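Student: Hey, can you walk me through this one? I've never looked at it before.
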Amino acid sequence: METSTFVYDGDCAFCTRCAEFIERRIPTGARVLPWQFADLAALGLTEAECEEAVQWVGAEGSRAAGPDAIAKLLGGSAPLWRAAGAGLRLPPVRAVAWPAYRWVARNRHRMPGGTAACALPQEARERLYGPTGRPSAGA
């Protein structure tokens, strides 16, 4: 793989807003894309992993999830963002970052930009909204 990839949940409005912030404000050479449009097999990822947390697949094959994935993304950016990524890797910060990440992930439908669909597992979202994200007939 030539380029590192940061994968997020494109069906979640909160996650999508965060990804848009990354693309606008954080200079990185990584691809930032929703897992629904990624070749998960080529990345060595599963839908379950991607539903659970954001994912990082480095160009050299390294992998990380959640705040560790965010730290990897920031680590390949501009100096200020690299410092933030290094801070996320510090043991005391990392010890707090994971529980905070899990809380945000569980409550992302309540976050700014989040929607009720953010709280649903992928299978339920597809049943209600179809694979395109539009309500299916009869829903």
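This is a predicted model: local features need pLDDT of at least 70, side-chain atom pairs count only at pLDDT 80 or more; totals for chains, interfaces and linings use all residues.

Student: Switching topic: what's the mean pLDDT of the chain?
Tutor: The mean is 85, with 79% of the residues at 70 or more.

Student: Which elements have the lowest and highest mean pLDDT?
Tutor: Helix H7, residues 122-129, has the lowest at 59, while strand S3, residues 55-57, has the highest at 98. Also look at residues 132-139, where pLDDT stays under 50. For that stretch the model has eight contacts beyond four places in sequence.

Student: Got it. Now the helices: how do you even describe two that pack together?
Tutor: You give the angle between their axes and the distance between the axes.

Student: So at what angle do the axes of H5 and H6 cross?
Tutor: Roughly 85°, and the axes of H5 (residues 79-89) and H6 (residues 91-106) come within 5 Å. Angles of 65 to 115 degrees count as roughly perpendicular, so H5 is roughly perpendicular to H6.

Student: Which residues meet there?
Tutor: From H5 you have Gly 87, Leu 88 and Arg 89, and from H6 there are Pro 91, Val 93, Arg 94 and Ala 97. By type, the residues of this contact are four nonpolar, one polar and two charged.

Student: What about H4 and H6, at what angle do they pack?
Tutor: Helix H4 (residues 66-75) packs with H6 at about 115°, and their axes are 8 Å apart. On the H4 side the contact uses Gly 66, Pro 67, Asp 68 and Ile 70, and on the H6 side Arg 94, Ala 97, Trp 98 and Tyr 101. Sorted by type, that contact has five nonpolar, one polar and two charged residues.

Student: Let's zoom in on Tyr 101. Buried or exposed?
Tutor: Tyr 101, which lies in helix H6, has a relative accessible area of 17%. Buried means under 20%, so Tyr 101 is buried.

Student: What does Tyr 101 touch, not counting residues up to four places away?
Tutor: Tyr 101 touches Glu 52, Ala 53, Val 54, Gly 66, Pro 67 and Ile 70. Take Val 54: Tyr 101 and Val 54 are 47 residues apart along the chain, and their C-alpha atoms are separated by 10.0 Å.

Student: One more residue: where does Leu 33 lie?
Tutor: Leu 33 lies in strand S2, residues 31-34. Leu 33 counts as buried because its relative accessibility is 15%. Beyond its neighbours within four places in sequence, Leu 33 is in contact with Thr 5, Phe 6, Val 7, Tyr 8 and Ala 38.

How values were computed:
Residues are numbered from 1 along each chain as its sequence is written. Side-chain values use heavy atoms; hydrogens and water are left out. Axes are lines fitted to C-alpha atoms, for helices over the stretch in contact, and angles run from 0 to 180 degrees between N-to-C directions. Helices (H or I, at least four residues) and strands (E, at least two) are DSSP runs, numbered from the N terminus. Angles under 35 degrees count as roughly parallel, over 145 as roughly antiparallel, 65 to 115 as roughly perpendicular and the rest as oblique. Contact means heavy atoms within 4.5 Å. Ala, Val, Leu, Ile, Met, Phe, Trp, Tyr, Cys and Pro count as nonpolar, Asp, Glu, Lys and Arg as charged, and the others, Gly among them, as polar. pLDDT is the predictor's confidence in each residue, from 0 to 100. Buried means under 20% relative accessible area, exposed over 50%, partly exposed in between (1.4 Å probe, protein chains only).
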